[in-house]
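Hello,

Here is the structure I promised to pass on to you. Please have a look at it first, and then read my notes below.

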Amino acid sequence: MLLLAAMILRQKESKVSQELALICIAAASAVKIYPAVFGLLYLRERRFKEALRLTLYGLVLFFFPFIFFGGVPAFIQLLKNLADVASNYYRDGESFIGIQSCCRFFWSRLLGTDIAPAAEVLFLLISAAYFILAVTATCILTEEWKRLFMLTSIMVLCPSWSGTYTRIYFAIPFIAFMFHTQASRSSVLYAILFAGIFSLSYFPDDMPVLGKLDSIILFLPIYAISIGLGIETVAKLSRRQRAQEHSKALQKSPHSARIQKLIVI
């Protein structure tokens with residue numbers, strides 16, 4: 001709710017509303033940490049002063065409660081708890097939500113062997129690569145809902161594990177999609193996938209095949225949209241690179257130099 005309020009308030013021209021948006025993102029980050037990635041929106045828009053204030057708000061709201069609840073020892077215990085959860089929760093691959101969890105599932109179920117330490121490093125690198133792709137997409141993509149989706153996907157797919165409740169985070173890009181997307185074939189496909197995110201439910205455990213793949217089916221629409229937007233990002237980067245190379249080639253060619261001289265004359 002805090003992030004949703006922030007995305008609405010940051011679009012308003014009122015300085016009070018924009019400042020409240022910063023506070024909402026900071027408060028959400030203080031509770032969950034991952035929402036801090038939404039600060040990338042301000043960096044993308046070169047609103048560096050607001051990004052700095054957002055950082056300050058976040059630090060204050062995160063550390064201030066420790067004054068009343070245990071101080072430094074409580075903060076150290078929090079770090080230990082986070083590390084313990086990240087290293088032990090769903091290590092057997094039974095959760096398919098995050099990228100690392102999905103990789104563990106396919107490794108353990110398809111290969112039928114224990115997950116080697118080197119494989120864990122590989123899974124982490126895959127997750128890190130997606131993080132870089134999602135950040136790049138936030139900077140490259142022009143439609144608001146696509147940027148919000150990629151930032152939200154970082155919160156859901158990049159952690160070592162995520163609960164099924166994390167689907168609700170995608171309500172933020174979905175609302176932007178509904179209000180700012182024009183009708184097209186691709187928008188119809190994305191609408192169907194969004195519907196799948198919020199409507200697919202678990203199959204009974206005793207159901208053949210589907211009962212064992214229920215979490216994969218549950219989060220398949222999230223991966224489908226993420227892959228689609230990732231491909232769009234790579235395609236835009238490729239076109240931009242070709243355009244730059246073409247521009248450099250024109251500047252170096254003698255013919256273009258003569259044309260430039262004639263234009264100057």
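**What I found**

Let me start with helix H7, which covers residues 117-140: its 24 residues reach 35 Å from the first C-alpha to the last, close to the 34 Å expected at 1.5 Å a residue. Please keep in mind that this is a predicted model. Several H7 residues are buried, among them Phe123, Tyr130 and Ile140.

Which residues touch the most other members of the largest nonpolar core? They are Phe38, Trp145, Phe149 and Ile225, out of 51 residues in that core. Helix H8 (residues 144-157) gives the most to this core, with nine residues. Leaving aside residues up to four places away in sequence, Phe149 touches Phe170, Pro173, Phe194, Ile197, Ile222, Ile225, Ser226 and Leu229. Ile225, then, is a contact of Phe149 and is also on the list of residues that touch the most other core members.

In soluble globular proteins, nonpolar side chains tend to be buried together. Here, though, Val60, Phe64, Ile67, Phe68 and Phe69 form a nonpolar patch on the surface, with about 600 Å² of accessible area together. Is Ile67 buried or exposed? Its relative accessible area is 61%, so Ile67 counts as exposed.

Most residues other than glycine have a negative phi. Isoleucine 33, which is not a glycine, has a positive phi of about 75°. Ile33 is found in the loop between helix H2 (15-32) and helix H3 (40-44), and is partly exposed at a relative accessible area of 41%. Arginine 46 is not a glycine either, and has a positive phi of about 60°. Arg46 lies in the loop that joins H3 and H4, and with a relative accessible area of 65% this arginine is exposed.

Finally, a look at helix H10 (residues 185-199), where you will find alanine 195. Ala195 is partly exposed, at 41% relative accessibility. The C-alpha atoms of Ala195 and Pro221 are separated by 8.6 Å, although the two residues are 26 residues apart along the chain.

How values were computed
Residues are numbered from 1 along each chain as its sequence is written. This is a predicted model: local features need pLDDT of at least 70, side-chain atom pairs count only at pLDDT 80 or more; totals for chains, interfaces and linings use all residues. Side-chain values use heavy atoms; hydrogens and water are left out. Patches are made of residues with over 30% relative accessible area and no salt bridge: like charges are joined within 9 Å, nonpolar side chains (Val, Leu, Ile, Met, Phe, Trp, Tyr) within 5 Å. Accessible areas come from the Shrake-Rupley method with a 1.4 Å probe; for residues, only the protein chains shown count as cover. A salt bridge is a side-chain nitrogen of Lys or Arg within 4 Å of a carboxyl oxygen of Asp or Glu. Buried means under 20% relative accessible area, exposed over 50%, partly exposed in between (1.4 Å probe, protein chains only). Helices (H or I, at least four residues) and strands (E, at least two) are DSSP runs, numbered from the N terminus. The expected span of a helix is 1.5 Å times one less than its number of residues. A nonpolar core is a set of buried Ala, Val, Leu, Ile, Met, Phe, Trp, Tyr and Cys residues joined through side-chain atoms within 4.5 Å. Contact means heavy atoms within 4.5 Å.
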